Amino acid sequence: MIPFDQMTLLIALVFVVAGTVKGTIGIGLPTVSVGIMSQFLAPHMAIALVILPMVITNIWQVYRAGQWLVTARRYWLLVGMLVMTIWVTTFFTANASPQFLLAVIGVAIVIFATTSLARPLPAIPDRLDRPAQAITGLTAGVLGGLTSIWSPPMVSYLLARRVERDDFVRAAGLFIFLGSLPLALGFWQTGLLDGPVARLSAWMILPTLVGFTLGEAIRRRMEPERFRRVVLWIFLFMGLNLLRRAFF
């Protein structure tokens with residue numbers, strides 16, 4: 001077993017990497033951090049540790065993007081379904097087996113990577129937007145409550161709606177920030193985010209912000225699309241490895 005000080009350093013390095021990815025492409029903090037930490041930590045611990053860094057970085061992202069009230073009004077149905085479903089689902093997470101959580105996390109990462117690498121999704125017309133928001137909020141909420149990763153359905157919806165880049169970043173930040181609040185509450189109520197875990201999660205805010213700042217610098221110097229595709233391939237192999245651990 002890795003000593004505590006080395007383990008803490010390893011977790012901090014994971015959050016630097018995850019923050020860098022988020023700073024570069026706007027999403028991916030829980031996907032990267034939970035995906036990597038689940039390779040050497042219990043899934044419950046990995047999921048709980050990401051909560052406070054996720055809240056803080058998305059507050060910053062929403063603030064930087066601006067016009068969050070307009071975005072909230074546009075996607076109120078999705079946000080409502082997301083928040084309610086995440087909170088309810090967290091009560092099942094505490095009793096879920098590690099193998100089940102590994103499988104769910106693996107499936108979430110593989111779906112996210114494959115859909116993002118594939119050709120553009122069919123467009124969702126305006127007349128189907130309300131049902132699409134409801135379905136997206138429900139599926140993302142169940143996935144988020146179990147794993148703290150709800151970007152796959154959310155990203156798929158935004159891409160299918162053909163939103164502009166700035167609107168994508170603004171909406172993604174808002175969805176993740178608002179979803180992280182009931183996630184934190186539910187994990188605290190079920191005991192997954194207890195004192196020691198909450199303190200360690202709070203300490204991980206600093207390396208996450210360091211990575212986020214580094215990612216913004218990379219985004220200014222590097223072609224984001226190339227970096228995005230590299231990250232997605234890493235996600236895909238990571239998700240497949242988690243599925244291997246869950247079933248074999």
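Modeller: The model is predicted, so local features need pLDDT of at least 70 and side-chain atom pairs count only at pLDDT 80 or more, while totals for chains, interfaces and linings use all residues. Residues are numbered from 1 along each chain as its sequence is written, and side-chain values use heavy atoms, with hydrogens and water left out.

Biologist: How many helices does the protein chain have?

Modeller: Helices (H or I, at least four residues) and strands (E, at least two) are DSSP runs, numbered from the N terminus. The protein chain has zero strands, and its helices number 13.

Biologist: What is the radius of gyration of the protein chain?

Modeller: The radius is taken over C-alpha atoms, and the globule rule is 2.2 Å times the number of residues to the power 0.38. For 248 residues, a compact globule would have a value near 18 Å. The protein chain agrees with this, at 17 Å.

Biologist: What percentage of the residues in the protein chain is buried?

Modeller: Buried means under 20% relative accessible area, exposed means over 50%, and partly exposed is in between (1.4 Å probe, protein chains only). Of the 248 residues in the protein chain, the buried ones make up 52%.

Biologist: Among contacts between residues at least 6 apart in sequence, what share joins residues at least 24 apart?

Modeller: A contact is a pair with heavy atoms within 4.5 Å. For the protein chain, the share is 86%.

Biologist: Which residue forms an aromatic pair with tyrosine 75?

Modeller: Rings of Phe, Tyr and Trp (its six-membered ring) pair if their centres lie within 6.5 Å; planes under 30 degrees apart count as stacked, over 60 as edge-to-face and the rest as tilted. The structure holds four such pairs. In one of them, 5.4 Å centre to centre with 85° between the planes and so edge-to-face, the partner of tyrosine 75 is phenylalanine 175.

Biologist: How far apart in sequence are the parts that this pair ties together?

Modeller: Tyrosine 75 lies in the loop between helix H5 (68-74) and helix H6 (76-93), and phenylalanine 175 lies in helix H10 (residues 165-190). Tyrosine 75 is buried at 4% relative accessibility, and phenylalanine 175 is buried at 0%. The pair therefore ties together parts whose separation in sequence is 100 residues.

Biologist: Are tryptophan 87 and phenylalanine 91 stacked or edge-to-face?

Modeller: These two residues are four apart in helix H6, about one helical turn. Tryptophan 87 is partly exposed at 34% relative accessible area, and phenylalanine 91 is partly exposed at 35%. Their ring centres are 5.3 Å apart and the planes stand at 90°, so the pair is edge-to-face.

Biologist: Where does valine 50 lie?

Modeller: Valine 50 is buried, with a relative accessible area of 0%. Beyond four places in sequence, valine 50 touches Phe15, Leu29, Pro30, Ser33, Val34 and Ser148. Valine 50 lies in the loop between helix H3 (43-49) and helix H4 (51-65).

Biologist: In which helix is threonine 31 found?

Modeller: Threonine 31 is buried, with a relative accessible area of 1%. Leaving aside neighbours within four places in sequence, threonine 31 is in contact with residues including Ile109, Phe112 and Phe235. Threonine 31 is found in helix H2 (residues 29-37).
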